[in-house]
Amino acid sequence: RPPPGASARARLLRWLTRVAAGLLLTLAVTASADTIALRAAELLSDEDGFVLNAEFDVAINSTLEEALQKGLPLYFVLEFELLRPRWYWLDEKVVVNSTVYRVAWDALTRTYRVSSGLLRLNFNTLDEVQRFLSRVTGRQVARRDQLVPGARYEAAVRLMLDVNQLPKPFQVSALTSREWTLQSEWHRWSYTP
C-alpha cells in the first residue's frame, strides 16, 4: 500500500511535467519564428556628424515572397535611437529616427522595386533586395551639435517588417501567423563621442 499523500505527490509531479512540456513547446515555437539577425552595428563620426553602419541577416520567407508576387507591398522599418542615461530622471532621447523601405513587385517589368523617400531602386531578384535591406552604410543619424563630446550615450538599432502598414485583412493574418513576424531584436551598445 502507498504511503499517505503519495497519490497527491504523483498528481503534482504529473502536473509539473505537463507544465514543463508546455513551456518547452512554447519556447521551441518562439525560437523557430522568423527573425532578422544583426551581425554588426557601429556609430562613427564624420565631418557632418555621426553615421550608422549595420549589417543584418534578412531572409524573406516564402509566404512574404508569395504576397509580393500577388501585388502586396511590404514595408521594412529601420529604427535608430540614441539615449543619454541620467541618474536623476528618465533617459534623455537625443536622437530617434526611422527609415521606411517599401518593397514591391512590378509585374510589368518583372523586377522588385525598393523605395524610401526620394530613393527608387529596381532589383532583378529577391536575393538582391535582401542584400540591400541587410546593409546600412553611412546613414546619417545625428548632427555634430546634438552630442556632447565625452558624454556616454546608449545607441540602439533594429530592423523589422511593419505589419501595421499592411491592408487590414493581412494585419489580422499577421497577428495569428509567425510567418508574418520578421524582425530583429533591439541591439544596444554604449557610445562616447
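A nonpolar core is here a set of buried Ala, Val, Leu, Ile, Met, Phe, Trp, Tyr and Cys residues that are joined through side-chain atoms within 4.5 Å.

**View 1. The largest nonpolar core of the predicted model.** In this predicted model, the largest nonpolar core has 44 residues, and those with the most contacts inside it are Leu43, Phe56, Phe76, Phe80 and Trp189. Phe76, one of these, touches Ile60, Thr99, Val100, Tyr101, Val103, Leu133, Leu159, Met160, Leu161 and Leu182, when residues up to four places away in sequence are not counted. For the chain as a whole, buried residues make up 36% of the 193 residues, and residues 24 or more positions apart account for 65% of the contacts with a separation of 6 or more.

View 2. The chain contains four helices and nine strands, and six strands form an open sheet in the order S6-S5-S4-S3-S8-S9, with antiparallel pairing. Strand S6 (119-123) and strand S9 (187-191) each have a single partner strand and stand at the edges, so one side of each is left without a neighbour in the sheet. Neighbouring strands of this sheet are turned against each other by 15° on average, with direction ignored.

**View 3. Strands S5 and S6, with helix H3 on the sheet.** S5 and S6 run antiparallel and are joined by five bridges, and Tyr112 stands opposite Phe123 in S6. H3 packs on the sheet, where it touches S3, S4, S5, S6 and S8, and its direction makes about 140° with that of S6.

**View 4. The buried face of helix H3.** In helix H3 (residues 126-134), the buried residues are Leu126, Val129, Gln130, Leu133 and Ser134. Seen down the axis of H3, these buried residues fall within an arc of 135°, so they line one face of the helix. An α-helix has 3.6 residues a turn, so residues three or four places apart point the same way.

**View 5. Helix H2 across the strands.** Helix H2 (residues 62-69) lies across strand S3 (74-84), S4, S5 and strand S8 (153-161), and runs at about 65° to S4.

**View 6. Arg110 in the loop between S4 and S5.** Arg110 is found in the loop that lies between strand S4 (92-106) and strand S5 (111-116), and has a positive phi of about 55° although this residue is not a glycine. With a relative accessible area of 58%, Arg110 passes the cut-off of over 50% and therefore counts as exposed.

Key:
Residues numbered from 1 in each chain as written. Predicted model: local features only at pLDDT ≥ 70, side-chain atom pairs only at ≥ 80, totals over all residues. Heavy atoms only, no water. Helix = DSSP H or I, 4+ residues; strand = E, 2+ residues; numbered from the N terminus. Buried < 20%, exposed > 50% of the residue type's maximum accessible area, 1.4 Å probe, protein only. Contact = heavy atoms within 4.5 Å. Arc of directions from axis to C-beta. Pairing = 2+ DSSP bridges. Axes fitted to C-alpha atoms, helices over the stretch in contact; angles between N-to-C directions.
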